[in-house]
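Work through the exercises below with the sequence and the model side by side. Each task is followed by its solution.

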Amino acid sequence: MRLLKLIGVLSLVTIFSTGCYKSENVENNPINLFDELPIYNEEKREISENVKIIAGSADLTLPSNSIEVGKINEIDLNNDKKDEIVFFEKREDIRNEVGFTVLNSNDNESNDTSYTKHGNKIEYANFYDLDNDGNKEIILLIQDKNIITLNICRYEEGEIKELISNENYDYFNKDDFTKLGVLVDDLDDDNTLELVVYNYNYKSKEMDLNICHFKDNQISILDRLVFENIRNFEDIEISVGNISSKDKALFLSLPNNEDTGYTTQVVYLQDKELVNAFGDTKSQIKNGYFIPFEDVNNDGITNIPKIELSSVTIDTLSTSTFPTSLIISWNKYNGKQGEDADVIFVSQIYYNYEANFRFLIPNNLVGKLSVIEDTENRSGNYKVFNFYYNSTNTYSETSPHERKLLFTLNVTEKTIVDDTKNISKTGNNVYESDKYIFSVSDMNMTEMKKLDLNIEILKDYFSAIK
């Protein structure tokens, strides 16, 4: 342990964050300091400078889950009502180590102690009270070449105690399971955090999903599910959401080994056992691209995306491996199991990722709207999109005669709004973003009236992509 005089700086620190990101679980996460933004608080600047002195030849490093932690974090680890400073380090020398240092202060003196492991990257880091004893455990996933290992530590009496590492457990990295991911949440609302560990076997293309408790410095696995035909570990996406106003679940987007797409799974904890809502039932949703799960109507329920294949065309793929625009149907889990498990339709939304806007499709246009860019009128600062109504079914190249132009959307950069030479069409403004002005022209008033649409109603359907 090293000793450093800090002239009382740490005792004067106020709760102020200059980090780039904010986690959804704010109450469970530390204050993130000094990520990449300028430091405006002078006291924080002094802390940063002293941290760099303590780190010495080691570089401060940002764990891959930078949305939850920073390079330097201010948090009460040992429940003494005083915040410690925790900073993550990478030491690129013969040892090639990564880890963290805990720094605390008392009577103008600062004590620091470090924990390092052989590795080249911190894939995950966070602080949670896993066993409800008031002290926060430090959770690390450390990558060493192609292997990721789980490490859990506790800060006690000025020292870091290693509780779990690859040297004293064989729960997850057994056999050929070499990659790990973790989440922490109270999944069944029993005031005890669950440790969710998913690990991957490259040879068998299997992923194990483990739900665990941490007690008496040991991990106990409550239940496990095995998912087969997983393409790789890197594209696995798992998040915590809500399937009802009271019940949480894990929402999984799993890369399918049989194609380039993703399969959706919903898993929740019931009586300490895992329930796979969809399993291999017909209600299982598959998408060609990863789309994050989202509460699209702000009712507290997490919605499941389904890409409408008719919206993916050669034109939307012309400049990107991910479509420049999509129509997505959003659904929610119906709460049933087995053959009765299914999804309930919530809404359908058109997304344009180039101009960063979305259009909520009215219920009477669901499945009958297609949006096609008028490339002849396109320029670097101006885009035109034709919104078509398909009276019988979703537009396809084989049935263009069934579509009717509903209106034209003109997307104009604000920098050229006053330069009428560059604008071929003008219309009624329906939406404005930081960069663009959106206006509607060439309205088919006959069809608009039949569909109970007008300019004022359209304004409510346009918004920015979150």
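**Exercise 1.** Is Phe290 buried, partly exposed or exposed, and what is its relative accessibility?

Solution. This is a predicted model, in which local features need pLDDT of at least 70 and side-chain atom pairs count only at pLDDT 80 or more, while totals for chains, interfaces and linings use all residues. Residues are numbered from 1 along each chain as its sequence is written, and side-chain values use heavy atoms, with hydrogens and water left out. Buried means under 20% relative accessible area, exposed over 50%, and partly exposed in between (1.4 Å probe, protein chains only). Phe290 has a relative accessibility of 27%, so this residue counts as partly exposed.

**Exercise 2.** Classify the ring pair of Tyr262 and Phe290.

Solution. Rings of Phe, Tyr and Trp (its six-membered ring) pair if their centres lie within 6.5 Å; planes under 30 degrees apart are stacked, over 60 edge-to-face, and the rest tilted. The whole structure holds 25 aromatic pairs. For Tyr262 and Phe290 the centres are 6.3 Å apart and the planes stand at 55°, so the pair is tilted. Tyr262 is buried, at 13% relative accessible area.

**Exercise 3.** Classify the ring pair of Tyr350 and Phe357, and state whether each residue is buried or exposed.

Solution. With centres 5.9 Å apart and planes at 55°, the rings of Tyr350 and Phe357 form a tilted pair. Tyr350 and Phe357 are both buried. Ring pairs link these two residues into a cluster whose members include Phe359, Phe385 and Tyr461.
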